[in-house]
Every structure is written in structure tokens, then in C-alpha cells.
Amino acid sequence: VYKRQGEMQEGHCCHHHQHAAAPAGHNHTHSHSMTGAQLGHMAMPMPMYFYWTTETWFLFESWYTSPNDALYFVLGLIGVFLLAFFHQFLNSYRLSIPTRHHKTTTGSYPLLSGESSDGEKQATSFSSAWAILLFAAHCVLSALAMLLLMTFNGWVIIAVTLGQALGFALFGLKAERSRIAPTHLRS
């Protein structure tokens with residue numbers, strides 16, 4: 001049975017409300033209680049400290065592993081690793097896409113000055129939409145990775161870290177080098 005500052009006892013959560021508008025000398029309280037089924041998973045909150053068990057939630061209510069589900073937990077860790085790995089791949093791919101907003105030989109920006117053709121405008125419109133879509137996907141994966149880290153499960157944290165590190169090693173290093181190195185030094 002989980003107790004949290006006297007709020008939950010034996011599967012029930014009690015909320016007491018005191019009415020401020022009650023006449024002086026009258027103490028009028030109401031008690032509302034919820035059963036464990038109504039609380040959902042409030043009966044086992046996520047700990048706010050690092051722990052190393054196989055009992056955890058991976059992002060979704062249905063993606064819960066109990067202490068006896070070691071195989072399901074390992075499959076969950078593989079999924080977490082792949083999510084983090086794909087996050088780094090997507091980020092590297094997104095950063096490696098060349099922009100079409102470069103200067104022409106005359107020194108002007110054709111899309112901003114109106115010098116570009118309709119085909120260039122359409123291609124740029126598509127590439128901009130693609131870049132926005134990739135950025136949105138990157139944001140979603142970043143948020144999911146952060147939420148996974150916030151489970152405080154040491155194994156999940158290791159899976160996220162290894163997925164990010166391997167993804168960066170395979171995809172990110174090349175993207176970083178090509179972004180910061182002068183053109184004549186790029187391989």
C-alpha cells in the first residue's frame with residue numbers, strides 16, 4: 001500500500017475541502033474518495049531517484065514492465081536504443097541538407113530578390129516544407145528521449161545514451177565535420 005503525505009491509503013485517495021464561506025463557528029468539510037482503479041497508475045508513481053529494476057513505464061501506459069517481465073523489459077530497452085539512434089540519424093540528416101538560400105555569382109539572394117525562376121521557387125518551397133517536417137520530427141524525438149531519461153531507470157538512461165552516442169558516431173561526426181570545416185578540408 002502506497003502512502004503519500006496521508007493522501008492515499010489502502011487504494012483510496014481522499015480529498016478534503018473546507019468551505020471558506022461557512023459561517024463562523026461552523027466547520028463544514030466534504031470528503032471525496034477514489035478507488036485504486038479510478039486512480040489508474042497513481043498507486044505506483046515514478047520514483048524521483050535513480051533505480052535499477054526491470055519495473056518501469058516506457059512512455060505509454062501500456063508499455064509497462066513488471067519485475068517478472070525481463071524479456072519485455074529487454075525488448076523495451078532495444079526499442080529505446082533504436083529511438084535514440086534514429087534521433088541522431090534524423091538530426092544528422094536534417095543538418096546535412098544543403099540550403100537553397102545561397103548567394104549567386106552576382107552576390108544577391110535569388111529567392112529574396114525575385115531573380116529565381118518558378119522551378120527554383122517550387123523546389124525551394126518543397127525543400128523548406130521538408131526541412132520543417134524533419135525539424136518537427138526531430139523535436140518530437142527529442143521530447144521522447146527526454147521523457148525516457150526522466151523515468152530515472154538506470155537501464156533506460158544507458159539505452160538512450162548508447163543509442164545517441166552510436167548514432168552520433170555513425171552519422172553525427174561526419175555532419176559536424178562538414179558543417180564546421182572549411183570547404184577545402186572536407187572529405
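**View 1. Tyr-93 and Phe-89, an aromatic pair in helix 2 of a predicted model.** Tyr-93 is partly exposed, with a relative accessible area of 34% (buried means under 20%, exposed over 50%, partly exposed in between, with a 1.4 Å probe and protein chains only). Phe-89 is likewise partly exposed, at 34%. Phe-89 and Tyr-93 both belong to one aromatic cluster, together with Phe-81, Phe-85, Phe-86 and Phe-171. Rings of Phe, Tyr and Trp (its six-membered ring) pair if their centres lie within 6.5 Å; planes under 30 degrees apart count as stacked, over 60 as edge-to-face and the rest as tilted. This is a predicted model, in which local features need pLDDT of at least 70 and side-chain atom pairs count only at pLDDT 80 or more, while totals for chains, interfaces and linings use all residues. Residues are numbered from 1 along each chain as its sequence is written, and side-chain values use heavy atoms, leaving out hydrogens and water.

**View 2. Trp-52 and Trp-155, an edge-to-face pair.** By the ring rule the count comes to 10 aromatic pairs. In the pair of Trp-52 and Trp-155, the centres are 5.0 Å apart and the planes are at 85°. Trp-52 lies in the loop between helix 1 (36–39) and strand 4 (56–57), and Trp-155 in helix 5, so the pair ties together parts 103 residues apart in sequence. Helices (H or I, at least four residues) and strands (E, at least two) are DSSP runs, numbered from the N terminus. Trp-155 is partly exposed, with a relative accessible area of 39%.

**View 3. The largest nonpolar core.** A nonpolar core is a set of buried Ala, Val, Leu, Ile, Met, Phe, Trp, Tyr and Cys residues joined through side-chain atoms within 4.5 Å. Of its 13 residues, Phe-58, Leu-77, Val-80, Leu-148, Val-156 and Val-160 touch the most other members. Helix 2, helix 4 (118–149) and helix 5 (154–180) each give two or more residues to this core, and helix 2 gives the most, with 6. Leaving aside neighbours within four places in sequence, Val-156 is in contact (heavy atoms within 4.5 Å) with Phe-58, Leu-77, Val-80, Leu-148 and Thr-151.

**View 4. Confidence along the protein chain.** pLDDT is the predictor's confidence in each residue, from 0 to 100. The chain averages 74, and 60% of the residues score at least 70. Confidence is highest in helix 2, at 96, and lowest in strand 1 (residues 8–9), at a mean of 35.
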